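I opened this notebook to record what I looked up in one structure. The entries follow the order in which I consulted it.

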Amino acid sequence: MNLSGEKPPVVKLYFKSQSRFKKATGIVLIRLGKTGLEGHTGKWFDTCGTAVFTNFVTKLYLNFYKCKSTGNKAVHTTPYTPVRPGLVCNSLDIMAKILIIDRQRGVRNVLKEKLEFEGYGVDAVENLQQALSGAETTHYDIIIVEDQEFLSPCPGESALPDTAAVIVTSAKPTVELAVETMRRGAFDFVTKPIDMNALLTAVRKADTSLQEAGLQAQIQKPIQRCRTRKAGPSKVENIIGNSRQIKHVKSLIDKVAPSNARVLITGPNGTGKELVAHWLHEKSDRRDAPFVEVNCAAIPSELIESELFGHEKGAFTSAIKQRRGKFEQANGGTLFLDEIGDMSLSAQAKVLRALQENKICRVGSDKDVEVDVRVLAATNKNLRDEIRRGNFREDLFHHLSVIVINVPPLVDRIEDLPLLVEYFVDKISGEKGIDPKPVEDEAIKELKSMEWTGNIRELRNVVERLIILSEEQITCDDVKTYATTPAW
């Protein structure tokens, strides 16, 4: 329909809530944007009052229904339809409020322009610190953030709002990175350079998901921004298995956990070293204090000291404010140093001092800070070999290895595989909202015959693949067809 020369259509606007508007003024104004309606603060119109807004040459009559601050709300479920010249829209929802966090000004400006063109309300900031300050006064439904900011440690207890759907962008995407961001609670993952079609699809999906969830504060899966976990009921996964080796690991955990002894956890990748560390914390007297994890292999050597010990404002170019390190964040609780064998020698020296004196010194400071931290460490390397090569300090090794727990590879506890498969089938099926599929005995035998170089992590991925690709049940043929990953 061409609006030119014809009476503009009447659009009825229903408010679900006022959560997307600033409540300080108690007033809302709706204006016509380039392609849709945008919410802004302004004067209330009279109930059912009619107003005309002009945008370029397009005119649109709006029939307003007043929502008083007492909570008078109308329910509206019709999906949003952009209002464009020549298009009649009978009803619509208020568009989501979006926050963009990106270091590049050009990227921020382009995304802001494109999303505003689609009718969204958009703010853009450079870093997480600016985002946190803005989130205190503004409600955001969707946050678009770079992977570095999303995965960075949270200063103190600050975090992005749990009620927002987070879309992570990455210039160096990998499967592992995508999996990690989703595990941390991201709604979607988009690669750079950003394909606007892909981003808009993710934004629309997130907006729809928030609307279907009802009140955004009741999203079923609150987003976890930081690996620091506060007191509460244990949510740590069980250690599955009845083999002699795994019973020995459980026995050591029960004996060692109540003490403050430092523990070195060894074993190949994917065996569950992190799970052992979690249970050492859960069964200790520190269970109600923070459990803080640091992956030493994932942090550049020039940043590891700042990560562990914190820094003062102005200590280096990007140190715009004082920051507490992992040792301070874990004060009173447990610090888990994963992949300790990849830590630089300079950082090892400072960790050794912290273990010896229970004191740390922030980068750029000359004052010591006392800390009470139980340190657990894990590695897939032979640290004695690393000592001989000059890559690891022998004195630090002895301080860390008061107790050594070796987590066996899957091939050494292959009798646990049926229990592990059953556990993963139930867990993954529950996550996907489907009924668990039965697994044939021959399929279990075929799985037992595999090498499992990736250990428990690989087994979990294989089980998920089989659940997705198999039919009514998981058969031996399914295992032969789908269990192995092509080498290309």
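**Entry 1. Confidence and overall content**

I noted at the outset that this is a predicted model. I looked up the confidence and found that the protein averages a pLDDT of 75, with 71% of the residues scoring at least 70.

I took the secondary structure next and listed 16 helices and 20 strands in the protein. Of the 488 residues, 46% are buried. I also checked how far contacts reach along the chain: among those between residues at least 6 apart in sequence, 67% join residues at least 24 apart.

**Entry 2. Helix α7**

Is helix α7 largely enclosed or open? I looked up residues 273–282, which form this helix, and found that eight of the ten are buried, so α7 is largely enclosed by the rest of the structure. The buried residues are K273, V276, A277, H278, W279, L280, H281 and E282. I then asked what covers them, and the cover includes helix α6 (244–256) and the strands β12 (263–266), β13 (291–295), β16 (334–338), β19 (374–379) and β20 (403–406).

**Entry 3. Helices α8 and α10**

I examined the pair formed by α8 (residues 301–309) and α10 (residues 345–357), whose axes come within 9 Å and cross at roughly 20 degrees. That angle makes α8 roughly parallel to α10, since angles under 35 degrees count as such. I recorded the crossing of α8 and α10 as right-handed. On the α8 side the contact is made by I304, E305, L308 and F309; on the α10 side it is made by S346, A347, K350 and V351. By class, I noted five nonpolar, one polar and two charged residues in the contact of α8 with α10.

**Entry 4. Helices α13 and α14**

At what angle do α13 and α14 pack? I found about 115 degrees for α13 (residues 417–432) and α14 (residues 441–448), with their axes 10 Å apart. The two helices are therefore roughly perpendicular to each other. The crossing of α13 and α14 is right-handed. In this contact, L417, P418 and V421 of α13 meet I444, L447 and K448 of α14. I counted by class five nonpolar, no polar and one charged residues in the contact of α13 with α14.

I looked up S170, which lies in strand β10 (residues 165–170). With a relative accessible area of 1%, S170 is buried. Leaving aside residues up to four places away in sequence, S170 touches D147, L177, F189, V190, T191 and K192.

I moved on to D188, in strand β11 (residues 188–191). D188 has a relative accessible area of 19% and is buried, because the class runs to under 20%. With the same exclusion of residues up to four places away in sequence, D188 touches V166, I167, V168, M182, A202 and K205. For one of these, I167, I noted a separation from D188 of 21 residues in sequence and 4.8 Å in space, C-alpha to C-alpha.

**Entry 5. Backbone exceptions**

I kept in mind that most residues other than glycine have a negative phi, and that most peptide bonds are trans.

Which residues does a cis peptide bond join? I found K192 and P193, with an omega of about -5 degrees. P193 is located in the loop between β11 and α5 (196–212).

I then looked up positive phi values. N358, not a glycine, has a phi of about 55 degrees. N358 sits in the loop between α10 and β17 (359–361) and counts as partly exposed, at 41% relative accessibility.

W452, also not a glycine, has a positive phi of about 60 degrees. I placed W452 in the loop between α14 and α15 (455–469). At 2% relative accessibility, W452 counts as buried.

Technical notes. Residues are numbered from 1 along each chain as its sequence is written. This is a predicted model: local features need pLDDT of at least 70, side-chain atom pairs count only at pLDDT 80 or more; totals for chains, interfaces and linings use all residues. Side-chain values use heavy atoms; hydrogens and water are left out. Axes are lines fitted to C-alpha atoms, for helices over the stretch in contact, and angles run from 0 to 180 degrees between N-to-C directions. Helices (H or I, at least four residues) and strands (E, at least two) are DSSP runs, numbered from the N terminus. Angles under 35 degrees count as roughly parallel, over 145 as roughly antiparallel, 65 to 115 as roughly perpendicular and the rest as oblique. A crossing is left-handed if the near helix is turned anticlockwise from the far one by less than a right angle, and right-handed if clockwise. Contact means heavy atoms within 4.5 Å. Ala, Val, Leu, Ile, Met, Phe, Trp, Tyr, Cys and Pro count as nonpolar, Asp, Glu, Lys and Arg as charged, and the others, Gly among them, as polar. Buried means under 20% relative accessible area, exposed over 50%, partly exposed in between (1.4 Å probe, protein chains only). pLDDT is the predictor's confidence in each residue, from 0 to 100.
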